[in-house]
Amino acid sequence: MATKRFMTLPRHILEGEKLHPGATGELSAILNQLGLAAKVISLEVNKAGLVDILGFTGETNYSGDQVKKLDIFAHEMLVKAMDHGGHFCVMASEEEEDIIHLPPHHKIGKYVLLFDPLDGSSNIDANVSIGTIFSIYRRVSEGNGPGTLEDCLQPGYKQVAAGYVVYGSSTVLVYTAGHGVFGFTLDPSFGEFLLSHDNIKIPKRGRIYSINEGNYNSWDRGLKNYIKYLQANKFEGKPYQARYIGSMVADIHRTLLYGGIFMYPGDARNPKGKLRLMYECNPMAFIVESAGGRATDGKKRILEIQPTALHQRTPIFIGSEEDVLLVEKFMREAELSNIEK
Ligand code: AHG
Ligand code: MN
Ligand code: MN
């Protein structure tokens with residue numbers, strides 16, 4: 001067994017496979033390829049501030065290449081990195097309206113990949129953390145031909161693996177295959193992801209709440225009551241803290257490590273909220289549940305929502321189990337008192 005210090009992502013995946021004798025190694029190959037794509041995106045993200053020097057987006061840069069918007073770059077990088085391994089039958093990305101078929105000459109596999117190539121992209125220009133989110137399913141359509149929309153529209157509990165990469169003060173990749181959640185930090189000196197967060201468990205309750213409070217006036221009464229409750233109360237003798245980065249990946253990463261709750265509710269203007277079920281909420285719910293937390297739309301488990309459209313949105317309340325249960329209670333009570341009136 002390698003020491004923790006030198007447990008690289010590929011080695012960790014291999015060791016994990018030894019514990020599952022039936023494993024074919026395919027999932028390992030997929031995660032390794034995703035890790036490679038993440039390294040390339042991370043390099044490009046680190047250069048984002050140099051765009052003005054090396055060329056504006058849409059222009060030709062110093063080496064003669066067209067400079068692409070970073071989210072389009074990340075999308076194309078993931079498609080290119082993942083479409084030739086022979087593992088997938090279909091893919092879907094937040095940046096593309098329809099499902100993505102593999103090029104005709106490529107081998108078709110039994111897995112399905114969904115991803116948000118660059119999450120929090122409005123934060124790029126301010127050097128704030130952004131990320132990539134991915135979600136993997138097994139195909140459900142018959143035969144060995146190209147995958148279909150049906151393969152992509154599976155409820156989240158059917159995911160076989162999910163993960164995210166945060167491009168922050170360092171680049172961290174977190175993944176789960178349903179048995180434990182593991183985090184790897186990219187060592188820039190030799191370009192390897194090293195195990196830095198072994199078997200992450202989210203605290204049962206936390207002190208941090210994370211929500212865009214600018215939308216307060218559009219919220220339901222139950223949610224307003226919950227936030228007022230947090231502001232007026234303490235946890236373990238200390239006041240609650242508000243933290244909102246505005247990049248879901250970074251907000252969830254902090255929630256996973258420190259505990260607490262992240263919320264993107266539906267409101268009077270957007271009843272379904274903002275975040276996408278297939279690219280953002282399902283993978284994050286799978287990770288947070290695998291770490292012992294909870295993720296619902298306020299009433300129902302995110303992972304049990306039957307999707308009907310590739311880009312559908314859902315409200316989300318996710319994080320420490322007791323915090324999510326508490327906001328659900330506030331919302332339920334407000335709804336009941338509305339009915340009684
Ligand atoms: P994306 O950049 O992939 O479109 O996602 C942005 C999302 C998410 O990262 C974040 O939690 C949320 O937008 C923030 O939205 P508000 O600015 O409405 O708070
Ligand atoms: Mn996003
Ligand atoms: Mn995005």
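**View 1. Strand β2 and its antiparallel neighbour β3 in the predicted model.** Strands β2 and β3 (residues 130-138) run antiparallel and are joined by seven bridges; two strands count as paired if DSSP finds at least two bridges between them. Strands are DSSP runs of E with at least two residues, helices are runs of H or I with at least four, and both are numbered from the N terminus. Within this pair, Asp116 stands opposite Ile133 in β3. This is a predicted model, in which local features need pLDDT of at least 70 and side-chain atom pairs count only at pLDDT 80 or more, while totals for chains, interfaces and linings use all residues. Residues are numbered from 1 along each chain as its sequence is written, chains are lettered from A and ligands numbered from 1 in the order in which they are written, and side-chain values use heavy atoms, with hydrogens and water left out.

**View 2. The parallel partner of β2, and its burial.** On β1, the pairing with β2 is parallel and spans five bridges. Phe88 stands opposite Tyr111 in β2. Nine of the nine residues of β2 are buried, so the strand is largely enclosed by the rest of the structure. Buried means under 20% relative accessible area, exposed over 50%, and partly exposed in between (1.4 Å probe, protein chains only). Asp116 is buried, at a relative accessible area of 0%.

**View 3. The manganese ion (ligand 3).** Glu94 (OE), Asp116 (OD) and Leu118 (O) coordinate the manganese ion (ligand 3) at 2.3 to 2.4 Å. Donors are N, O and S atoms within 2.8 Å of the metal (3.2 Å for Na, K and Ca); water is not among the atoms, so sites may look incomplete. Along the chain, the donors follow the spacing E-x21-D-x1-L. Glu94 lies in the loop between β1 (88-93) and β2 (111-119) and Asp116 in strand β2, so this pair ties together parts that are 22 residues apart in sequence. Asp116 also bridges the manganese ion (ligand 3) and the manganese ion (ligand 2), which lie 3.7 Å apart.

View 4. Strands β8 (residues 208-210) and β12 (residues 261-264) pair in the parallel sense over two bridges, and Tyr209 stands opposite Ile261 in β12.
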